[in-house]
Amino acid sequence: MEKLEELLEWGGTKKDVTCLVLGGIALLASLLGWDPLPFDLAWVAIILCGVPIVLEAVIGLVTAFDIKADVLVSLALIASVCIGEDFAAGEVAFIMQLGALLEDLTVAKARAGIERLVHLTPRTARVVGESGEEIVPAEKVRVGQQLRVLPGETIPVDGVITSGQTSINQAVMTGESLPVDKGVGDEVASGTVNQFGAFTMTATKVGEDSAIQRMIRLVRSADAGKAKIVRLADRWATWIVVIALSAAALTWLVTGEIIRAVTILVVFCPCALVLATPTAIMAAIGNATRHGFLVREGDALERLAQVKKVTFDKTGTLTFGTPQVVAVEPVAGGPSRDDLYAWTAWTEAGSEHPLGKAVLRGWREETGGTAAPAEDFQMRPGRGVLATTAGHRVAAGSPKLLEELGIPLPPAVLAAAEVHLQKGCTVIYCAVDGQAAGFLALSDTLRPQAADTIRRTREAGVEPVLLTGDNEKAARHMAGALAIGEVRWACLPEDKLAYIDACQQQGAPVCMIGDGINDAPALKKAQVGIAMGGVGSDIAVDAADIALVSDDIFQLPHLLWLAKRMMVTIRCNMTFSMALNFVAILLAMGGILNPVVGALVHNAGSVLVIINSAFLLQWHRKT
């Protein structure tokens, strides 16, 4: 049996293109009567294309009593050969293998998302003991041990900060676009990155209990739980086999002519039925590619046609994922707006913090100027920065920074800042020469066509949902701006996974669109996962069924409509092919068709199915 499976893998599952080409050439030569060998050249097609089909049918019946379309094809092949109709047998084998090849071309390459996640797992940890710091393998860290984490290092296990201030890049877990300031008593997760300050922490969850290991398990479990769509021809195979065998046996008993019975088996071979789905899928994939979608899973569009909800991650999907200055508000009687903006930007020039870089970038874009050199630059992790700029001592950062410097924030400044905080903005408070000077508000910005995309998604009969790791204020503001009715905030990977699983358990298949590593489990679990291929992480792309190459979500509604149209085409193809089969079987029972003519009729049906599917290549919904 192992030898048979190896042969099956070579000839059946992998669908050797060379064998298909040689079989086609041999059939053409046989049809034209070219006979340089002592046997019919159609035998080349029978051996190269037919034997793998017979082997697959036998193995399926013996090992699992699995009746698929290849069972009927095998019966027709064997019967045709027995009565000497070699060309009919070779032709049926060739058409079936052509359909199988088209299906294989729609199957994605092997994915490596889990392996990429494993590579993110921290290798070592810096354990603080009585004799000082010792670097040990991360898997040897025990709960309760003290660890030291330096700037730029990945946090090896989950824990709580016991001393120090820092900013943590939590994108791997929450997808948040900005680092989060952390101090004593705050929790930190494994796999996240310490950006600025060194700190000491107590390990609380280690090994398989750590956050990064939980995510790996989530991805694996989500992938294992995703059902694959069964080929429709195989789904109906049992009934097709029963009908074909019954009709053939009855015809033989009534007429006594075995050739009529064999013809019935040949004309009832599901050639056009097998081509109905893969040709439509390939044409739809070609259409999707032209609109910026790389379809990585062969049945992804079939599954997409069934979705009831589309869940969007916010950062990097509906937004650009980079903070921008949206407001500069000085205090009354303080520096002018332009001075406040310039001095803050020059102070932030020495910072590596994404907010500081955003302030400097925004000032340069607005003024076209060059930052003046700052003196005595200081960075206080988790708080902000200080420097002497243009003869003034400037501080920019959180309220805690100004509090440490003994600089009170006027109620008017706090009230004005609260307006922006309610919109989900991040606020940088500024002080000049020991006095509060105002603030800068920064926010992630919506993609220009995001609102129109949400509207057209709803028109396609799919409900948009916002799932984000951002805070409640930012999430609600974004959902309101886009008219999204359902929104979930502060979502960890397991939260997104749980939401999608709950929806699908209730009969509402979900399409997930995301870009970050934290979206990988949800992309795997969803009925269909779509990753932002440009700004998205490699792990998100690996976990998804479809990648959006250009990061332009404007084409998403087209993809939804295309999937529905593809399913209409498949149903039309299948209805036509089945009708053709029943007409042909009646003609075969009456002796009007012989096996060769029956095979040619099937060829004509297959060609019509391919032509109908080809219309999907240029299809676009009229608005």
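Phenylalanine 576 counts as partly exposed, because its relative accessibility is 33% and that class lies between buried (under 20% relative accessible area) and exposed (over 50%), with a 1.4 Å probe and protein chains only. The model is a predicted one, so to speak of local features takes a pLDDT of at least 70 and side-chain atom pairs count only at pLDDT 80 or more, whereas totals for chains, interfaces and linings use all residues. Residues are numbered from 1 along each chain as its sequence is written, and side-chain values use heavy atoms, with hydrogens and water left out.

Phe576 sits in helix H24 (residues 556–589); helices here are DSSP runs of H or I with at least four residues, strands are E runs of at least two, and both are numbered from the N terminus. Together with Val607, Leu608, Ile611 and Phe615, Phe576 makes a nonpolar surface patch of about 470 Å². Patches take residues with over 30% relative accessible area and no salt bridge, joining like charges within 9 Å and nonpolar side chains (Val, Leu, Ile, Met, Phe, Trp, Tyr) within 5 Å. A salt bridge, in turn, is a side-chain nitrogen of Lys or Arg within 4 Å of a carboxyl oxygen of Asp or Glu. The top contributor to the patch is helix H25 (residues 595–614), with three residues.

H24 also lies across S10, S11, S20, strand S21 (528–532) and strand S22 (546–548), running at about 150° to S11. Contact means heavy atoms within 4.5 Å; axes are lines fitted to C-alpha atoms, for helices over the stretch in contact, and angles run from 0 to 180 degrees between N-to-C directions. Those strands belong to an open sheet of seven, ordered S10-S22-S21-S20-S11-S18-S19, with mixed pairing. At its edges are strand S10 (293–295) and strand S19 (486–488), each pairing on one side only. From one strand to the next, the twist averages 20°. Two strands count as paired if DSSP finds at least two bridges between them. S11 (residues 309–312) and S20 (residues 510–514) run parallel over four bridges, and threonine 311 has methionine 512 in S20 as its bridge partner.

A second open sheet has six strands, in the order S12-S17-S16-S15-S14-S13, and its pairing is antiparallel. Strand S12 (319–330) and strand S13 (375–380) are the edge strands; each has a single partner strand, so one side of each lacks a neighbour in the sheet. Neighbouring strands are turned by 20° against each other on average, direction ignored. S16 (residues 426–432) and S17 (residues 435–446) pair antiparallel over seven bridges, with isoleucine 428 partnered by leucine 440 in S17. Helix H18 (residues 411–421) packs on this sheet, touching S12, S16 and S17, and its direction makes about 155° with that of S16.

Elsewhere, strand S5 (residues 166–169) pairs with two strands described here: S6 (residues 180–182), antiparallel over three bridges, and S8 (residues 193–194), antiparallel over two. Isoleucine 168 stands opposite valine 180 in S6, while asparagine 169 has valine 193 in S8 as its bridge partner.

As for the whole protein, there are 25 helices and 22 strands. Of its 623 residues, 53% count as buried. The accessible surface comes to about 26800 Å², with 59% belonging to carbon and sulfur atoms; areas come from the Shrake-Rupley method with a 1.4 Å probe, and for residues only the protein chains shown count as cover.
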